[in-house]
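We will go from stop to stop together.

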Amino acid sequence: MSVTVVLGAQWGDEGKGKLVDILSAEFDVCARCAGGNNAGHTIVVPIGPEKIKTTFAFHLLPSGLVNPKCIGLIGSGVVVHIPSFFAELDALEKQGLECSGRILLSDRAHLVFDFHQIVDGLKEVELGGSSIGTTKKGIGPAYSGKASRSGLRVHHLFDHDTFAQKFRKIVEGRFKRYGHFEYDTEGEIERYKVLAQRLKPFVVDSVAYIHGSLAAQKKVLVEGANALMLDLDFGTYPFVTSSSTTIGGVCTGLGIPPKAIGTAIGVVKAYTTRVGGGPFPTEQLNEIGEHFQEVGREYGTTTGRRRRCGWLDLVVMKHSCLINGYDSLNLTKLDVLDDLAEIKIAVRYLVDGADLPYFPADLDVLAKVEVEYVTLPGWQTPITSITSFAELPEKCKDYVGFIETFLKTPIEWIGVGPGRDSMLRKERKRMSN
């Protein structure tokens with residue numbers, strides 16, 4: 001069995017979608033395993049006979065759908081807002097992407113409803129100054145319902161009377177907790193009666209489907225959502241998402257064993273960004289941070305929010321590599337560094353002069369860290385038109401080599417621009433441990 005996994009290695013928005021798009025040309029199935037429509041992947045690809053470059057924004061659907069022979073599977077670990085599912089599907093097809101017969105949805109996936117989105121906003125208001133900065137897509141409340149065993153799954157939609165009974169009970173529970181907010185419970189029940197009929201052709205037993213695909217020796221690509229530092233267990237809790245964004249989440253979200261995974265690729269920006277609240281040791285609230293924001297076009301696909309930016313943090317990346325065990329890395333947005341005379345890389349955290357050997361769990365400790373940087377010379381020449389690793393400036397190669405050596409993990413893919421063709425493939429060298 002051979003499954004290839006693409007995971008975010010920092011705080012998300014690393015550019016996973018582009019690598020998934022490139023790889024999916026060689027795969028039969030592209031699957032999502034966790035998260036919901038809080039994810040955001042932007043892909044620029046040529047469409048139609050005229051090969052017109054078109055920008056597609058994916059949120060819930062697997063971005064491997066841009067390749068016409070690839071089946072998109074939304075696994076059991078994903079939480080799904082059905083109206084958003086169809087809105088995204090309709091938008092993609094309106095742009096010229098034919099998706100008919102190529103999207104499948106697990107009958108075990110939990111549902112996100114509009115009341116979850118309302119509650120998401122109410123919870124953020126409750127937190128006040130401690131706000132997490134969620135996308136307010138209802139993802140957290142939906143996962144909370146799942147964990148408390150009070151959620152509704154896709155298969156519940158097809159027994160309307162039972163669905164209606166359970167739905168009313170859940171909404172009443174939210175009214176008791178948050179007060180009686182404006183919500184048309186009966187209208188929603190009727191709305192989902194109609195949506196269920198449209199949804200039915202997409203629904204499968206995803207465990208049977210994916211294992212059947214593997215038994216038939218089909219190649220499966222898994223597209224991670226969010227990233228390691230937003231993981232519920234290993235990220236900067238509580239400023240995290242509500243699902244497992246690690247390699248472990250691939251197994252639990254799709255129902256496949258660890259031995260089915262053949263290759264894991266971590267996607268890492270050439271600098272660091274994060275959205276929303278939470279600690280960010282290498283954040284640059286200065287002209288460097290503004291450079292990353294403007295040159296890197298650091299605005300969220302899902303929210304449009306300006307991202308916080310800073311230098312590449314190899315302490316974060318070491319933590320990420322330990323947990324996910326990447327076979328190789330995809331370094332993205334390297335061209336954003338083109339104009340810089342000097343480039344800093346975080347290599348160590350110190351607290352009261354003492355070295356922190358691992359990324360700390362305690363955010364109070366993290367707030368006190370002093371970051372130690374290594375400074376490398378910039379290459380100060382554009383690299384966007386370069387088509388092979390050998391053509392990169394020597395100082396640029398040195399930057400790539402420093403990261404590889406520090407992390408003991410090879411960099412196999414390098415993004416030098418926004419387009420599909422702006423991705424260099426580098427020979428994966430053997431790294432000594």
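Select Arg108 and Asp205 to begin: they form a salt bridge (a side-chain nitrogen of Lys or Arg within 4 Å of a carboxyl oxygen of Asp or Glu), and their closest N and O atoms are 3.3 Å apart. This pair links distant parts of the chain, 97 residues apart: Arg108 lies in the loop between β7 (103–106) and β8 (110–111), and Asp205 in the loop between β9 (203–204) and α7 (206–215). Helices (H or I, at least four residues) and strands (E, at least two) are DSSP runs, numbered from the N terminus.

A word on what you are viewing: this is a predicted model, in which local features need pLDDT of at least 70, side-chain atom pairs count only at pLDDT 80 or more, and totals for chains, interfaces and linings use all residues. Residues are numbered from 1 along each chain as its sequence is written, and side-chain values use heavy atoms, with hydrogens and water left out.

Next, select Glu294 and Arg306, whose side chains meet in a salt bridge of 3.0 Å, N to O. Glu294 sits in helix α9 (residues 287–295), while Arg306 is twelve residues apart from it, in the loop between α9 and β13 (308–310). Glu294 is partly exposed at 44% relative accessibility.

For the last stop, pick Asp13, Lys269, Glu298, Arg307 and Lys333, which are linked in a network of salt bridges. Across the whole structure, a search finds 17 salt bridges.

Notes
Buried < 20%, exposed > 50% of the residue type's maximum accessible area, 1.4 Å probe, protein only.
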